[in-house]
Amino acid sequence: MARDEFVARTTRRITRAKWLLDNGFVVEAEKHLEKLAKDVKGAAELETLVNAEVTRLNEPARAAERDAAKAVAAFFGQVSKKKPFDAPNVQKAESLAEKHTGTKSGERAAHFAALSKVRASS
């Protein structure tokens, strides 16, 4: 029973890593997969699943998403400690969205900027 529980929980964690990767949370997916890789050592079937996600993470096509994710995550980390909807922060979000157009992280930055305008107009 303990093994079945471990496999079930680990499978859910792998699913979470897939979701993070598919939705442009590359930085978070990378950290999640690093921890998963350590946790599944010795479980061949789970190692295979984790390695498949690590391979997806390291695909050259994800380079733009990785750069965008790092920049946007750093931005959100900074503004969460300040006043996020101040004009300079909104301008920074808009510039990040423009710079990283076509990425999920760029979309998140654009969404943040759009939300700030809704708040400002109310």
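Predicted model: local features only at pLDDT ≥ 70, side-chain atom pairs only at ≥ 80, totals over all residues.
The largest nonpolar core comprises 16 residues. Within this core, Leu33, Leu36, Leu46 and Val50 have the most contacts. Three helices contribute to the core: helix 1 (2-22), helix 2 (26-39) and helix 3 (44-57) each supply at least two of its residues. Apart from this core lies another, made up of ten residues, among them Phe75, Val90, Leu96 and Ala109. In soluble globular proteins, nonpolar side chains tend to be buried together. Leu33 illustrates the contacts in detail. When residues up to four places away in sequence are not counted, Leu33 touches Ala17, Val50, Glu53, Val54 and Leu57.

Helix 4 covers residues 63-79.

Helix 5 covers residues 87-99 and has 13 residues. The same kind of check can be applied here. At 1.5 Å a residue helix 5 should span 18 Å, and its end C-alpha atoms are 18 Å apart, so expectation and model agree. Its buried residues are Asn89, Val90, Ala93, Leu96 and Ala97. Viewed down the axis of helix 5, these buried residues fall within an arc of 120°, and therefore they line one face of the helix. Pro88, Gln91, Glu98 and Lys99, on the other side of helix 5, are exposed.

Eight salt bridges are present in the structure. One of them links Arg9 to Glu5, with the closest N and O atoms 2.6 Å apart. Arg9 and Glu5 are four residues apart in helix 1, so about one helical turn separates them. Glu5 is partly exposed, its relative accessible area being 38%. A salt bridge also joins the side chains of Glu53 and Arg56, with an N to O distance of 2.6 Å. These two residues lie three apart in helix 3, and so they too are separated by about one helical turn. An α-helix has 3.6 residues a turn, so residues three or four places apart point the same way. Glu53 is buried, with a relative accessible area of 4%; this residue is also among those touched by Leu33.

In a further salt bridge, the side chains of Arg62 and Glu59 meet at 3.8 Å, N to O. Glu59 counts as partly exposed at 35% relative accessibility. Elsewhere, salt bridges that share partners join Arg13, Lys35 and Asp39 into one network.

Arg62 is located in the loop between helix 3 and helix 4. Its relative accessible area is 16%, and because buried means under 20%, Arg62 counts as buried. Besides the salt bridge with Glu59, the side chain of Arg62 reaches the backbone oxygen of Arg56 at 2.7 Å. Arg56 is itself the salt-bridge partner of Glu53. Not counting residues up to four places away in sequence, Arg62 touches Leu21, Arg56 and Leu57. Leu57 is also touched by Leu33.

Methods
Residues numbered from 1 in each chain as written. Heavy atoms only, no water. Core = buried A, V, L, I, M, F, W, Y, C linked by side-chain atoms within 4.5 Å. Buried < 20%, exposed > 50% of the residue type's maximum accessible area, 1.4 Å probe, protein only. Contact = heavy atoms within 4.5 Å. Expected span 1.5 Å × (residues − 1). Arc of directions from axis to C-beta. Salt bridge = Lys/Arg side-chain N within 4 Å of Asp/Glu carboxyl O. Polar contact = N/O pair within 3.5 Å; in protein donor to acceptor, adjacent residues only side chain to side chain.
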